[in-house]
Structure formats: C-alpha cells, structure tokens
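Let's take a walk through the spaces inside a protein and around its ligand.

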Amino acid sequence: MSEAAKPTVTITLDDTGKSTKAPLLSGTLGTPCADIRKIYADLGIFTFDPGYGETGACESAITYIDGDQGILLHRGYPIEQLATKSTYTELCYALLNGDMPTTAQHDAFVDELKNHTMLHEQMRHFFNGFRRDAHPMSILCGVVGALSSFYHDSLDINKPEHRSLSALRLIAKMPTIAAYAYRYSFGFPFVYPRNDLGFAENFLYMMFSMPSEPYEVSPVLARAMDRILILHADHEQNASTSTVRLAGSTGANPFACIAAGIAALWGPAHGGANEAVLKMLDEIGSKDNIPDFIAKVKDKNSGVRLMGFGHRVYKNFDPRAKIMQQTCKEVLGELGITDDPQLEIAMELERIALSDDYFVQRKLYPNVDFYSGIILKAMGIPTSMFTVLFAMARTVGWISQWKEMVEEPTLRIGRPRQIYTGAPQRDLKPIAERG
Ligand code: CMC
C-alpha cells in the first residue's frame, strides 16, 4: 500500500478548525491504533486515558489477547494447546526466543537454566534480615532487587549476552528464592535445588521436602504446578508488565525492573487476587452467608468486590480460568478432597454470579485467580505464597517483554502527560507574611 493510501484518522479541533491525520497502525491481529505522536505538534493538545485502557504503548510479538472472544495466544499458539501439549520450560523458551523449541533446543535451554538454579551463598543472609512473619512478597521484592548487587558481570543492558544471562538467572533463581521465602517463615532449613528434577517438580521439592526424610513429588501435582506456571507466564501489557517496561525504559538493570514488576503484581486488583479470593471465602464462612455477601458486592457504597471475578480485557470468559477449573478438579481428585467448605462456597458463588444480572450485564466472569487459589490451597501452599507463585511464573513474561523493548532501536523513556488541576502560578510570600 502506498503511503498516501494508508488509512488515517482525522482529528479536528472544533474551535479552531485545525486538524491532523493520525495514521492507523495495524499489527497481525487485533484492534488498529491511531498513531497520535504528532498530535501535540499539529494541534497543541495531548490525549487523556487514565488506566491506559484505550492506549497502545508498544509493539510486541509475544502475546495476543482477544478479550471479547476469550483468546490468549503466546507466539501465536493458543493457551489451551500450550497448557495441554507443552511444558513451562518449552513456553519459557518460546517467550524469550520467538518460537517453541525443538527437542535439542529445549534440552540445551534447560541445561542452561540448571546452571543458575542456586543462589549465591551470601544471599542466604539476606533472608535473616526479614522478620519471620514478613509477607513473602516483600522478601521476593527485596531479594530479587538485591540480585543486581551480585551480578555486575551481566548488567550492561546494551550487550545481548548480558541480557540473555540475566534472563536465565532470573527464571532459574525465582523458584529457589520463592521456596526460601516460604521456608524462612517457618524456620525450616533451606533446601538446595535438585537439577535432576523438572522445573515445577524441583520447586515443589524445595518447598516441601525435609533433609531428614525422603520426599517424592506427586506427578499429578507437579503437572498441575507446571500448568499453573504456563497459565501465568505472560499476559500482554498488564499492570506489572507495563511497570517492568516503564522501569526498563529508563535503562534500569533487569533485576531492578523485575523487582518493580513484583511490587506492581502484589496489589489485590492484580496478582494479589488469588490470595484475596481465599480471604473472601473465609470471610463468607458458609453458603448461607452468600446472598448477603452478593448484596454487599452489588452495593456501590460498600467497596466490596467479588474477588476472582472480572477482567480489564476479558469480557467474555478468561480462557485460563477454564483450564484452571479442569486442573482444580484433577488436583482435588488426586488429593481425595471432596468436601472442602471453601470449595463449596466458591462453586456456589460461581453458580450465583454466572446467573445474576449484575454480573451478566457487566460481563464479569471468573478469572484465572478464582480457581488457582483453591488449587494452591489444596496443594498445601499457604495463601501468602499465592502471589509469589504468580510472580515466579510471570518472571519469564516480564523479562521477555523487557528484552523485546530494550532490543527495539527506538526505545524512549516512558513519560506520560497529565491534566494539571492544582493552583495556577502564584507568588510565594515569606512564611512570616502568610498569616
Ligand atoms: N465485583 C463486583 N463488581 C465488579 C467487579 C467485581 N470483581 N469487577 C468489576 N465490577 C463492576 C464495577 O463496579 C463496574 O460497575 P459499574 O459499571 O456499575 O460502575 C463494572 O463492573 C466495570 O468495572 P471496572 O472497575 O471498570 O473494570 P476494570 O476493567 O477497571 O477492572 C478488575 C478489572 C480485574 C480490576 C476488576 O474486575 C476487579 O477488581 N476484579 C476483582 C479482582 C480480581 O479478581 N483481579 C484479578 C484479575 S485477573 C489476574 C490478573 O491478570 O492480574
């Protein structure tokens, strides 16, 4: 298509009649974006989009979401196929490198990851600085940020080999840090990684084994954990990924950027939701209390939300939630859990919400966190660790998005605008004259 024939959007200022043509940019899939980069030069205005719901901030070839159709693709592959036909480490390779690996590429990648599963022995002392009752997300934030002080050999973000090494280190060390954060809270001894185990298996081993006795990881639980990791691996330009990109746009090192992502993920509207789901189920207490709770959720003044429901992008269903619901059944079956009261409340909430006009009209469906909390609880993982697991899984998405951004020739620091609503310019009186 010639330059002249490219579709544009014309934006006209009604009061002056001045206008600008914003070229319409299209990717391989998805909604086109009007390129408004000349709008200030041409019209002297900015655009306003708090929450960035209608704003594209980057080009990306990693993940695609169609929220209306309930589609999630990584490198073009549907999440349903990834969750049933591949493993987390295969997906890690694809997110980082552009396509799913061959067996040889995967073997080499996993070998490289295994070189980096251990933590520097000095890092163990960091944990002692935290209170035993510290939230493991605060430990994760602190320790991941501190990795920058251990790897000065790989912090030059302009060198591709440094970027790749940092990515491997982060993905490989995250399960070790997460398991240490958990064990620290109980005073259990730290368990070194076992490189003869798979990624998810090794994580469960570091979490639950004791040096004093043998420990077998259940293959069903290891597979469920691997699936949870796959389902959380990346999710396009969500709040924590955008935080990683924004921090990275300044040239900050990748460990610092991922620590920023962890902080953003912590909030209950984002990664903290699965922890919040379990707290909510606890507060509801019994099936009899559900109608009162639903009434509170519908009352705008109560500030209460049905946690694990709704999504900024998915307005049909969350494809991850469907797979998670199936995994939930498998895990509960494997563990022989048939009469869990929280599960009963969750299922009843789901039933009511899916048929209630309030939720139907607003297109509020269960999201991935609604079921993941129940599965993780059944596996014996404490609620405070739920968001840690999310962060562990999402690290590959964050670092892949960071790498993609840093590798763009046009990288610019992220710097949004504002509508200023404060005092106009005024003269400052010395303190004695201010009355
Ligand atoms: N419970 C009750 N009402 C809700 C909920 C909910 N969970 N979510 C949205 N609404 C209502 C909201 O009050 C509003 O109603 P109205 O139009 O009458 O004012 C309408 O639905 C639209 O809500 P919104 O706040 O504009 O939606 P959003 O896109 O800004 O919020 C969300 C998305 C995920 C933050 C929100 O749905 C929510 O807070 N959900 C609960 C927390 C949760 O489960 N988060 C996990 C998200 S999935 C994991 C991840 O990707 O991080």
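The largest cavity in this predicted model has a volume of about 40 Å³. Which residues line the largest cavity? They are Ile-11, Thr-20, Lys-21, Ala-22, Pro-23, Asp-35, Ile-36, Lys-38 and Ile-39. If you colour strand 2, residues 19–25, you will have picked out the element that gives the most to this lining, with 4 residues. Sorted by class, the lining of the largest cavity holds 5 nonpolar residues, 1 polar residue and 3 charged ones.

How many cavities of 30 Å³ or more does a search of the whole structure find? The answer is 2, so let's visit the other one as well. The second largest cavity holds about 30 Å³ of space. To find it, select Ile-228, His-232, Asn-274, Leu-376, Phe-386, Leu-389 and Phe-390, which make up its lining. Here helix 18, spanning residues 386–406, is the main contributor, giving 3 residues. The classes in this second lining are 5 nonpolar, 2 polar and no charged.

Now move on to the ligand. It is surrounded by 21 residues, and the closest are His-270, Arg-305, Leu-306, Gly-308 and Arg-312. Taken by class, this shell has 9 nonpolar, 6 polar and 6 charged residues.

Which atoms of the protein come up to the ligand's oxygen and nitrogen atoms? Gly-308, one of the closest residues, places a backbone N or O atom 2.9 Å from a ligand oxygen. Ala-269 also uses a backbone N or O atom, which lies 3.2 Å from a nitrogen atom of the ligand. With Asn-367 it is a polar side-chain atom that lies 2.9 Å from an oxygen atom of the ligand. On its own the ligand would expose 940 Å², and the protein buries 76% of that area.

Several helices meet the pocket here: helix 3 (88–97), helix 4 (103–114), helix 7 (160–186), helix 8 (199–208) and helix 9 (219–231) each supply at least two lining residues. Which helix gives the most to the lining of this second largest pocket? That is helix 8, with 5 residues. By class, the pocket lining comprises 10 nonpolar, 7 polar and 5 charged residues.

Definitions and conventions. Residues are numbered from 1 along each chain as its sequence is written. This is a predicted model: local features need pLDDT of at least 70, side-chain atom pairs count only at pLDDT 80 or more; totals for chains, interfaces and linings use all residues. Side-chain values use heavy atoms; hydrogens and water are left out. On a 1 Å grid over the protein atoms alone, a cavity is a set of points where a 1.4 Å probe fits but cannot get out, and a pocket is an open set with protein on both sides within 12 Å along at least five of seven lines; lining residues have an atom within 4 Å of a point. Grid points are joined across faces, edges and corners, and a volume is the space filled by probe spheres set on the points. Ala, Val, Leu, Ile, Met, Phe, Trp, Tyr, Cys and Pro count as nonpolar, Asp, Glu, Lys and Arg as charged, and the others, Gly among them, as polar. A residue is near a molecule or strand if one of its heavy atoms lies within 4 Å of it. A polar contact is a pair of N or O atoms within 3.5 Å; within protein, one must be able to donate a hydrogen and the other to accept it, and residues adjacent in sequence count only if both atoms are side-chain atoms. Accessible areas come from the Shrake-Rupley method with a 1.4 Å probe; for residues, only the protein chains shown count as cover.
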